[in-house]
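I opened my notebook to record what I looked up here, beginning with the nonpolar core and then turning to the overall fold and the ligand.

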Amino acid sequence: MIFTYGGNIKVDIVGGSISGLSTAISLKEHNESITVIVHEKHKKIGYNHEGRRCGEAHSVESEWKKWRPEKKSYFNEITKGEVIIGSKKRVYHREPGVGYVLNRQEFICQLAGKTEKLGVIIQTDDKIKTINDLDGKFIVDASGCPSTVKRELDINRGIKGVTYQQTLEDSNYFISDTLKVIYTGNFGYYWIFPRDPKKKEINIGIGFSGNFGYNLKNMLEKFKEGRKIEGKVNYVAGGLIPVGLQRPLIHNNILFVGDAGVGTFPFTGQGIYRALISGNVAGKCIARGYPKKYPHIINQKFIKWDLIGKTFIRANYIFRRINPKLVLASLNYFTDVSNMIR
Ligand SMILES: Cc1cc2nc3c(=O)[nH]c(=O)nc-3n(C[C@H](O)[C@H](O)[C@H](O)COP(=O)(O)OP(=O)(O)OC[C@H]3O[C@@H](n4cnc5c(N)ncnc54)[C@H](O)[C@@H]3O)c2cc1C
């Protein structure tokens, strides 16, 4: 039976990227009578090149299978992951059809295409300056990090990190099926992901929790120099990244999804699958008439890794002060333990 709020209702979604569109799809799939309006500040969905491009690594396991990218929405299938911690290298193999490096713009267009088929209204060039302008029964904040809605309400809590990423063309480090994550023992970690094979592109970046006032660009350049990583920079991205859950997840009639709510996985900065899952859950909770359950369901899904991740990050602040070698030792230990409990 379809739930109704005693007449048709409207939901306003702020942000037309991954979490906003997955919320819209879920709302319509679970209750087609709801009017759903997605407000996106950019002129184009997906193809807004002013919009953020990220590392674009995405995996579809268990419940995430719903969000499998179509052929044109990804550049590469990933079957190998290398995690390098100091001098120790671990290699992980995955079966095909699970790991991808997305073509993010196309993937967002894939989601947008689905929303339009379901009757969602997408309004582009529509920057929401204040939530007072929205009259929906519910508002879903999918505005990313930092969340414009949380800033307006002055409820922007949660640990944030900083990132800096370059896309290099014609790179000698392009390996189409392999992701590399490297911990050097300094702050944070580096990643090297293969992008467009036609251009032999890689996405190479640095990220860490907290903002220590370091020059990330210089750190990345030194890293490239040390490993003789070549390629022409053709795109730069980065900025704040939300580390783990960004409470509150609900505030009056506003539900927070994606970077604005569930943030990214505290160890790797993966936010795409979390944006998709949180949108899916938020949409279902509203459509089925139990919006207040949204934070509980999200906590059940993410709290374990959130607690482990945040404890680990805090412990590392202390280890760094005592002896930076402890950071690498704890990372190695943690990686072994987490593989056991995963
Ligand atoms: C450098 C970097 C590398 C990353 N690498 C990876 C990776 O490899 N894998 C991974 O899984 N995750 C990665 N992430 C994280 C991932 O990009 C995010 O978690 C994900 O994009 C969150 O999606 P979202 O829809 O919540 O927010 P966003 O993608 O940030 O979208 C927010 C949308 O809201 C719109 N908007 C904002 N304010 C308003 C407003 N006032 N009115 C209307 N519209 C508005 C914006 O234009 C945008 O379209 C990375 C992040 C960074 C910064």
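I looked up the largest nonpolar core in this predicted model, and found that it holds 71 residues, of which Val140, Leu255 and Val257 touch the most other members.

In soluble globular proteins, nonpolar side chains tend to be buried together.

For the protein chain as a whole, I counted seven helices and 16 strands, and I noted that 42% of the 342 residues count as buried. I checked the radius of gyration, which is 20 Å and therefore agrees with the value near 20 Å that a compact globule of 342 residues would have. Along the principal axes, the C-alpha atoms fill a box of roughly 60 × 45 × 35 Å. Among contacts with a separation of 6 or more, I found that 73% come from residues 24 or more positions apart.

Last, I turned to the ligand, which 39 residues surround, the closest being Gly15, Gly55, Gly144, Gly258 and Gly271. The elements that give two or more residues to this shell are helix H1 (18–30), strand S3 (57–59), strand S10 (160–169), strand S14 (232–242) and helix H5 (272–287), and I recorded that the largest share, four residues, comes from S14. By type, I divided the shell into ten nonpolar, 23 polar and six charged residues.

Terms used: Residues are numbered from 1 along each chain as its sequence is written. This is a predicted model: local features need pLDDT of at least 70, side-chain atom pairs count only at pLDDT 80 or more; totals for chains, interfaces and linings use all residues. A residue is near a molecule or strand if its C-beta atom, placed from the backbone, lies within 6 Å of it. Ala, Val, Leu, Ile, Met, Phe, Trp, Tyr, Cys and Pro count as nonpolar, Asp, Glu, Lys and Arg as charged, and the others, Gly among them, as polar. The radius of gyration is taken over C-alpha atoms; the globule rule is 2.2 Å times the number of residues to the power 0.38. A residue is buried if 20 or more other C-beta atoms lie within 10 Å of its own, exposed if 12 or fewer, and partly exposed in between; C-beta atoms are placed from the backbone. Two residues are in contact if their C-beta atoms, placed from the backbone, lie within 7 Å. A nonpolar core is a set of buried Ala, Val, Leu, Ile, Met, Phe, Trp, Tyr and Cys residues joined through C-beta atoms within 7 Å.
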